[in-house]
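The sequence and the three-dimensional view come first, and the description follows.

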Amino acid sequence: MTSNLEAQLLALQQEGEKAIAAADTLERLEELRVSYLGKKGQLGALLRSMGQMSAEERPKIGAIANTVKESLQTSLDQQRAALEAAKIQAQLEAETLDVTMPGIFRPQGRIHPLNGIIDRALDIFVGMGYTVAQGSEMETDYYNFEALNTPPDHPARDMQDTFYLPDGNLLRTHTSSVQIRYMEKEEPPIRVVAPGRVYRRDNVDATHSAVFHQIELLAIDDGLTFTDLKGTIKMFLQAMFGDLPIRFRASYFPFTEPSAEVDLQWNGRWLEVMGCGMVDPNVLKSVGYDPEIYTGFAAGFGVERFAMVLHQIDDIRRLYASDLRFLQQF
Ligand code: DAH
């Protein structure tokens, strides 16, 4: 009886150690632990038969059983440590960076020439203390025309053929509408610059587009004069184009009095680059400013025009075609 049980215990130990050494996953190892040493495991089952043993046999078998148990537990612990180490090693290997692998090529993006001009212009004005503002592209007749001293029968409306929307609103024909929006919200002194899209019912050709971009400029304060306007424009154009000859030519806009157009001498030719003038008292009145106290100047220019001059582009449509062969040159 005793030696039989002793033999069974030793056989269990041998078999168990072999199985544990062969376990290749932590899950399998746990199954083996339960199977050998668990409450309902094989070692327990053998020991339960000890109940029938004599008092002198029992300690002997008990001691053997303990050795078997400890030995199996040691094997389990060792195998677990080995499997865990192997798992970490496998993870490390899977995560290793192979620096010799070819990279993923992503073509480098560029700023669009129009946005490049806008960025530069805004930078220059911000450097002179101006704030950047924006209005909406859909406008009411009031903000686009009426408050800018351009009533419904005014002939100047013909200069800007307008897209009217079915609900009576319109697509702004210039960024001058932002002047009114801004002055309604703010109090003098004002220094503001407003870039944005504008719309006109023009047939598209090399120098016209139904959608284009303008930058508007407005300064209101007490005591501003035409010399402030000239100095500001001159500084701006010099920063933008370099030290080129410029000239102011008398002109007409409903929202300024007096008004002027600015020409820039470029490659021996005079190019018209912007409109400007002293803000008409009627415009100041429309936003509730007292023209006896405040004066100011305004200007507006086309971004496409600037881009075409600076980059010597001969056709405005190139700026909208998204042709990378063209855009990659900037
Ligand atoms: N809004 C004018 C246009 O679209 C440009 C312009 C001229 C703006 C004179 C101004 C200005 O602010 O004072 O042609």
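## Ligand surroundings

Of the 16 residues around the ligand, the nearest are H174, S176, R200, Q214 and E216. The protein described here is a predicted model, and every value below is computed from it.

An N or O atom in the side chain of H174 is 3.0 Å from a nitrogen atom of the ligand, and for the side chain of S176 the corresponding distance to a ligand nitrogen atom is 2.9 Å. The backbone also takes part: an N or O atom of the A299 backbone lies 3.3 Å from an oxygen atom of the ligand.

## The largest pocket

The largest pocket holds about 1200 Å³ of space. It is lined by 46 residues, of which F212, Q214, E272, G302 and R305 are the closest to its centre.

Several elements contribute at least two residues each to the pocket lining: β5, β7 (256–266), β8 (269–279), β9 (295–302) and α10 (303–311). The largest share, 8 residues, comes from β8. Sorted by class, the lining of this pocket comprises 19 nonpolar, 17 polar and 10 charged residues.

## The cavity

Across the whole structure, a search finds 1 cavity of 30 Å³ or more. The volume of the largest cavity is about 30 Å³. Its lining consists of V178, Q179, Y182, V192, V193, A194, E216, L217 and L218, which divide into 7 nonpolar, 1 polar and 1 charged residue.

At least two lining residues come from each of α7 (177–185), β4 (190–199) and β5 (211–221). Strand β5 likewise supplies at least two residues to the lining of the largest pocket.

## Helix α4

Helix α4 spans residues 57–95, a run of 39 residues. From its first C-alpha to its last it reaches 57 Å, close to the 57 Å expected at 1.5 Å a residue. The buried residues in α4 are I61, I64, A65, V68, S71, L72, S75, L76, Q79 and L83.

## A loop position

P151 is found in the loop between α6 (141–144) and β3 (170–171). Because its relative accessibility is 32%, P151 counts as partly exposed. Between P151 and S209 there is a separation of 58 residues in sequence and, C-alpha to C-alpha, of 26 Å in space.

Note on methods. Residues are numbered from 1 along each chain as its sequence is written. This is a predicted model: local features need pLDDT of at least 70, side-chain atom pairs count only at pLDDT 80 or more; totals for chains, interfaces and linings use all residues. Side-chain values use heavy atoms; hydrogens and water are left out. On a 1 Å grid over the protein atoms alone, a cavity is a set of points where a 1.4 Å probe fits but cannot get out, and a pocket is an open set with protein on both sides within 12 Å along at least five of seven lines; lining residues have an atom within 4 Å of a point. Grid points are joined across faces, edges and corners, and a volume is the space filled by probe spheres set on the points. Helices (H or I, at least four residues) and strands (E, at least two) are DSSP runs, numbered from the N terminus. Ala, Val, Leu, Ile, Met, Phe, Trp, Tyr, Cys and Pro count as nonpolar, Asp, Glu, Lys and Arg as charged, and the others, Gly among them, as polar. The expected span of a helix is 1.5 Å times one less than its number of residues. Buried means under 20% relative accessible area, exposed over 50%, partly exposed in between (1.4 Å probe, protein chains only). A residue is near a molecule or strand if one of its heavy atoms lies within 4 Å of it. A polar contact is a pair of N or O atoms within 3.5 Å; within protein, one must be able to donate a hydrogen and the other to accept it, and residues adjacent in sequence count only if both atoms are side-chain atoms.
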